[in-house]
Every structure is written in structure tokens, then in C-alpha cells.
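Hi everyone, thanks for having me. Have the model open on your screens, and let's walk through it together.

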Amino acid sequence: MKVRKRLYSMLVALLAILLVASCASKTSNVESLPSGTSSGSNTGSTSNGQSYKIDKQTNTIVPIDPQKHETNVVLLTFDDGPNPEVSTKILNTLDKHKAKAIFFMNGPQIEKNPELVKLVHERGQMIGNHSWDHIDLSEESKDSVVKQMGDVQKAVMDITETAPIFIRPPYLSINENVTQAAEENNLNIITITIDSRDWEMSAEKNDPEELAQRIADQLHPGANILMHELPWTAEALEILLTKATEKGYSFVDPMNIQID
Ligand SMILES: [Zn+2]
């Protein structure tokens, strides 16, 4: 009798444990699944904290709700890095002005300067994909384009544990293969609205003051400014950010831009 009673109470205890365990696992499923996904699809946008989006017609950065958020914003971007002579200077100037930017990087530069990739990420700036080899992707086969994008995704992921969400195809060369490959890599294509033409200057012939003025003259609400990781651009940045602030512009944090 005693043995039976003991067996019975052990069985009850076991059932209780099983019941608690199954509840716990159900609860954790419930918690881990919908929080991000369902609330995002319910409201379509702002629940994840993003307050800006890209206007597909004009390529400008616009507030999702113009009543709530500033329209006089500009997006700063720096292509072709990282560059040991330039990246840190750009980061310091951005920090001084509490500005954020996207650094669109290429494969060989990432491989050569992993510590800079890490630094850009750790300083709260966004890293974007600019293809591995900086080639005209519209000339490539679909497989090649997927690889050009995917290899950068992996390299950045390996260093920062964060995969890029934006790609700027080199030369803004976009066709069906590029669009599909971007989709397969979970990348959103982003273009430009202002070309700084900093790439026309050279080590021998450059003028940071003129460069900053040229960009400042073209500023408009939601501007997406193409710059490069070049020494004269890094120098022009301090002047540009001061001028932009004087004109009443603030710098949009790319993490605040909603993606599709
Ligand atoms: Zn480029």
C-alpha cells in the first residue's frame, strides 16, 4: 500500500512538471514570435520606431507622418570605404555634429580593414553594401550579382554580427538581375539625389571649401547625398555639416528609415 501511494504521488509530481514545462514552452513561443512581426504588420510602419521612408518617385527621405517629424532632413552617405586615412576623421566629425550616415563598403576594403568596419559599427553608424568588386552589376549574370552582394553581406556580418539592409549599386547601375539579387539578399536598393562630385577632385587638385559649398547649395528636404571616403571629403564634412545646420537641416539616422 505504502509503495503504491508513493508511486501515485511520484506520478502526480511528474505530471505537474510536464504541465509546467509545456506551458513554459508555449509561453516562450508566444513571446518570441509575434512581438516584432505582428505589431509591425498591424500598423504597417511606426511600431518598430522608424519615422522616415524613401519616396520611390523622388528618392528623397520623407517623414512617414509629416505632422510629427521634421521634413528638413538630409541623409549623409560615404561610398567605397573603409579607408584608413579617412574613416576615423569622418566618424569624429559626425560625432561632433551628432550626425549619422551610411558607409557603403566594398569587399577588398572590408577585408583589408576589418577593425575599421568594426569601429564604424561600434560608433553607431550604419554599414551598407556597395558590392564586392565595385563593378557594373547590370553587366553581370544573376548568379554573379547575387554573389557580389552576398559576399559583402557575409563579410560585414562576420565582423559586426549585423547584416547590411541597404545596397547602393556602383554607378547606380540597376536592372532586373540587380533588383532580384537585392531582394534575395534582403537588401533595399538606395540611390542618390545629390552627387557631391567629390570623385572629380584629386590629391593634386582639390578644394574642401568649394566641395562643401557645392553640396550646401544643392541641399533640399530629404536629400540623399553621395560622398566618398576621400581625404578632401573628410575635410569638407566639417564645413558642410555646419552649413547644413545653419540652413535648418538635421541629419536623418538611417536606422530610422523604414524598409520594405
Ligand atoms: Zn562607389
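Let's begin with P82, which sits in the loop between strand 3 and helix 3. This is a predicted model, by the way, so everything I say is read off a prediction. The peptide bond from G81 to P82 is cis, with omega near 0 degrees. For context, most peptide bonds are trans.

Now move along to helix 3, residues 87–96. Which of its residues are buried? They are S87, I90, L91, T93 and L94. Seen down the axis of helix 3, those buried residues fall within an arc of 165 degrees, so they line one face of the helix. After helix 3 comes K98, and its phi is positive, near 50 degrees.

Speaking of phi, most residues other than glycine have a negative one. Phi of Y171 is positive, near 60 degrees. L172 is in the loop between strand 6 and helix 7 too, and its phi is also positive, near 50 degrees. Are they buried or exposed? Y171 counts as exposed because it has 11 C-beta neighbours inside 10 Å, while L172, with 13 other C-beta atoms within 10 Å, is partly exposed.

Next, a helix pair. Helix 8 (residues 208–218) and helix 9 have axes that come within 8 Å and cross at roughly 45 degrees. That angle makes helix 8 oblique to helix 9, and the crossing is right-handed. On the helix 8 side, the residues that meet helix 9 include L211, A212 and I215; their partners in helix 9 include A236, I239 and L240.

Let's zoom out. The chain has 9 helices and 10 strands, and buried residues make up 34% of its 260 residues. Among contacts with a separation of 6 or more, 74% are between residues 24 or more positions apart.

Last, a word on confidence. The chain averages a pLDDT of 87, and 82% of the residues score at least 70. Over residues 14–47, though, pLDDT stays under 50, and the model has 8 contacts beyond four places in sequence for that stretch. Where pLDDT is low, the predicted coordinates should not be read in detail.

Definitions and conventions:
Residues are numbered from 1 along each chain as its sequence is written. This is a predicted model: local features need pLDDT of at least 70, side-chain atom pairs count only at pLDDT 80 or more; totals for chains, interfaces and linings use all residues. A residue is buried if 20 or more other C-beta atoms lie within 10 Å of its own, exposed if 12 or fewer, and partly exposed in between; C-beta atoms are placed from the backbone. Helices (H or I, at least four residues) and strands (E, at least two) are DSSP runs, numbered from the N terminus. The arc is that of the directions from the helix axis to the C-beta atoms. Two residues are in contact if their C-beta atoms, placed from the backbone, lie within 7 Å. pLDDT is the predictor's confidence in each residue, from 0 to 100. Axes are lines fitted to C-alpha atoms, for helices over the stretch in contact, and angles run from 0 to 180 degrees between N-to-C directions. Angles under 35 degrees count as roughly parallel, over 145 as roughly antiparallel, 65 to 115 as roughly perpendicular and the rest as oblique. A crossing is left-handed if the near helix is turned anticlockwise from the far one by less than a right angle, and right-handed if clockwise.
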